[in-house]
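Welcome! Please take a moment to look over the sequence and the 3D picture before reading on.

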Amino acid sequence: MNEWNIALGALVLLLSLAAGAPLSRWYFAPTGSHRTAPVDNVVPLEAFMRPQAAETNDVGWCPAEQAERLHAYHPDKSRTCWTCRTVTPAGVPRV
Ligand SMILES: [Zn+2]
């Protein structure tokens with residue numbers, strides 16, 4: 001008789017697990033309520049980093065940081081540091 005009770009308990013346990021899995025999946029299903037709202041006016045990184053006409057990127061001396069940094073070289077030979085946004089006029093020598 002004891003073995004029947006164990007077998008019955010195991011059967012009840014298996015049936016509750018089989019029924020509980022879909023119920024828990026339904027209860028914890030994502031609703032999307034935790035998602036952030038989409039942001040307007042987002043500029044893609046590729047468009048943001050794309051140099052304008054006749055501009056190139058190259059490493060140059062940044063006088064503000066006293067170090068070589070990546071710069072955007074403009075058509076008038078001035079350059080803008082990509083790190084600190086310092087604009088260096090055309091006459092400053094490039095080291
Ligand atoms: Zn800089």
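**Overall form**

Please keep in mind that this is a predicted model. The protein has two helices and four strands, and along the sequence these follow the pattern α-α-β-β-β-β. Its radius of gyration is 32 Å, well over the 12 Å that the globule rule gives for 95 residues, so the protein is more spread out than a compact globule. The C-alpha trace spans about 100 × 30 × 20 Å along its principal axes.

The domain assignment gives domain 1 (1–30) and domain 2 (47–88). Between the C-alpha centres of domain 1 and domain 2 there are 66 Å. Buried residues make up 6% of the 95 residues. If you take the contacts between residues at least 6 apart in sequence, 11% of them join residues at least 24 apart.

How are the four strands arranged? They form an open sheet in the order 1-2-3-4, with antiparallel pairing. Strand 1 (56–62) and strand 4 (87–88) stand at the edges with a single partner strand each, so one side of each has no neighbour in the sheet. As background, strands of a sheet pair through backbone hydrogen bonds, either parallel or antiparallel.

Two of the pairings can be set side by side:

| Strand pair | Bridges | Opposite residues | Residues between the strands | Turn residue and its phi |
|---|---|---|---|---|
| Strand 1 and strand 2 | Seven | Gly60 and Arg69 | Four | Gln66, about 55 degrees |
| Strand 2 and strand 3 | Three | His71 and Cys81 | Five | Lys77, about 75 degrees |

Both rows describe hairpins. In the hairpin of strand 1 and strand 2, the phi of Gln66 in the turn is positive. The turn between strand 2 and strand 3 holds Lys77, whose phi is positive as well. Strand 2 covers residues 67–73, while strand 3 covers residues 79–81.

**A closer look at Thr88**

Thr88 has its place in strand 4. Is Thr88 buried or exposed? A residue is buried if 20 or more other C-beta atoms lie within 10 Å of its own. Thr88 has 20 C-beta neighbours inside 10 Å, so Thr88 counts as buried.

Which residues does Thr88 touch, not counting those up to four places away in sequence? They are Pro63, Ser78 and Arg79.

Note on methods. Residues numbered from 1 in each chain as written. Predicted model: local features only at pLDDT ≥ 70, side-chain atom pairs only at ≥ 80, totals over all residues. Pairing = 2+ DSSP bridges. Domains from an automatic or database assignment. Buried ≥ 20, exposed ≤ 12 C-beta atoms within 10 Å, placed from the backbone. Contact = placed C-beta atoms within 7 Å. Rg over C-alpha atoms; globule rule 2.2 N^0.38 Å.
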